[in-house]
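Here is a short report on selected helices and side chains. Please look at the structure first.

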Amino acid sequence: MAVETAADGLRAQYVLPLRWEHDDELDELTDYLVMIARHLPVVVVDGSPDGLFQEHARRWSEAVQHVRPAPWPGRNGKVAGVMTGLRLAREEAVVIADDDVRWRPDQLRAAVALLEHGEVVRVQNVFEPMPWHARWDTARSLVNRGLGADFPGTLLVRRSAVLRAGGYDGDVLFENLELLRTVRAGGGREIRADDLWVRRRPPTVRHFWSQRVRQAYDSLAQPARLCVEAAVLPTLVWALLRRRPGPVVALVAGVSAIAWRGRRRDRGSDVVPASSVGWAPVWLAERAVCIWVALALRATGGVPYRRQRMLRAASPTSSLRRRTTL
């Protein structure tokens with residue numbers, strides 16, 4: 001049974017889509033869900049295998065609404081989970097969060113208040129704790145911030161804005177960008193809260209490595225970024241063959257400066273260690289290779305996704321705008 005709106009007046013609902021293959025983090029997530037459910041109703045949309053689903057139901061049913069995902073077109077199970085949660089939600093303000101995101105109640109209150117001025121709120125995630133591979137991935141986030149804004153594992157949306165658009169495409173890999181673009185294409189306003197740093201638990205090292213190419217594949221939905229990233233490897237190869245260090249030095253200095261700018265913005269230096277900036281050239285070298293792997297996968301049917309292939313990273317904004325005007 002879902003917990004009703006808490007006495008502190010936080011009128012919102014929390015939707016957690018998940019699909020677990022093992023329960024290594026079950027105790028920690030259970031404690032977090034019980035805490036969050038004291039402040040707002042929680043819907044967990046659980047696509048886990050039957051044995052895990054039953055154990056989750058046993059552990060969580062007293063605190064949250066625990067359901068199976070309803071059918072939704074497309075191969076991305078997270079989209080089906082989000083849409084199931086949105087259709088079940090009874091509040092207009094809905095927090096959508098991955099299973100590794102850890103909101104504080106005061107942060108939820110601040111984000112819900114921001115949603116009064118728009119249809120979607122984008123915050124900033126930060127890994128805590130921050131082992132070496134989390135600092136590597138943090139460098140990517142800092143570069144994103146230095147160039148504009150990062151894409152977190154959690155968003156706040158107005159339920160009506162998503163439902164009015166007919167939901168969002170479940171046949172794309174970069175589902176958070178698809179949701180943002182869908183809301184904006186329907187005339188919704190995006191509120192960026194780059195100074196609201198919401199904690200995220202770091203992945204395992206094995207999971208970190210498995211995400212390198214998939215994260216690069218997301219750039220296929222951002223043509224300008226794709227062109228820049230695809231140019232890095234040929235530039236490095238040319239510089240090495242000609243024994244000209246200038247382009248290499250320029251790339252290292254440039255990406256480090258961008259990451260440093262991203263860290264300095266919006267209180268970033270208070271929460272992100274300076275050593276994360278030093279990982280930016282390492283991330284750039286990774287992306288220089290992985291973007292070409294992603295392009296090869298795109299040409300041969302798409303990136304592997306749960307024993308299937310996902311062809312599209314996200315829908316172009318222009319096509320979403322046409323859809324909303326039909």
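Buried means under 20% relative accessible area, exposed means over 50%, and partly exposed lies in between (1.4 Å probe, protein chains only). This is a predicted model: local features need pLDDT of at least 70, side-chain atom pairs count only at pLDDT 80 or more, and totals for chains, interfaces and linings use all residues. Residues are numbered from 1 along each chain as its sequence is written, and side-chain values use heavy atoms, with hydrogens and water left out.

Helices are DSSP runs (H or I, at least four residues), numbered from the N terminus.

| Residue | Helix | Relative accessible area |
|---|---|---|
| Thr-182 | α7 (residues 175–185) | 2% |
| Thr-30 | α1 (residues 26–37) | 8% |

Thr-182 counts as buried because its relative accessibility is 2%. Contact means heavy atoms within 4.5 Å. Leaving out residues up to four places away in sequence, Thr-182 touches Ala-165, Gly-167, Tyr-168, Leu-320 and Arg-323. With that exclusion, Thr-30 touches Arg-59 and Trp-60.

**A helix pair**

Helix α11 (residues 245–264) packs against helix α13 (residues 280–299) at an angle of about 115°, and their axes are 8 Å apart. Axes are lines fitted to C-alpha atoms over the stretch in contact, and angles run from 0 to 180 degrees between N-to-C directions. On the α11 side, the contact uses Leu-251, Val-252, Val-255, Ser-256 and Ala-259. Helix α13 supplies Ala-280, Pro-281, Trp-283 and Leu-284.

**Trp-132**

Trp-132 lies in helix α5 (residues 132–147). Is Trp-132 buried or partly exposed? Trp-132 is partly exposed, because its relative accessible area is 39%.
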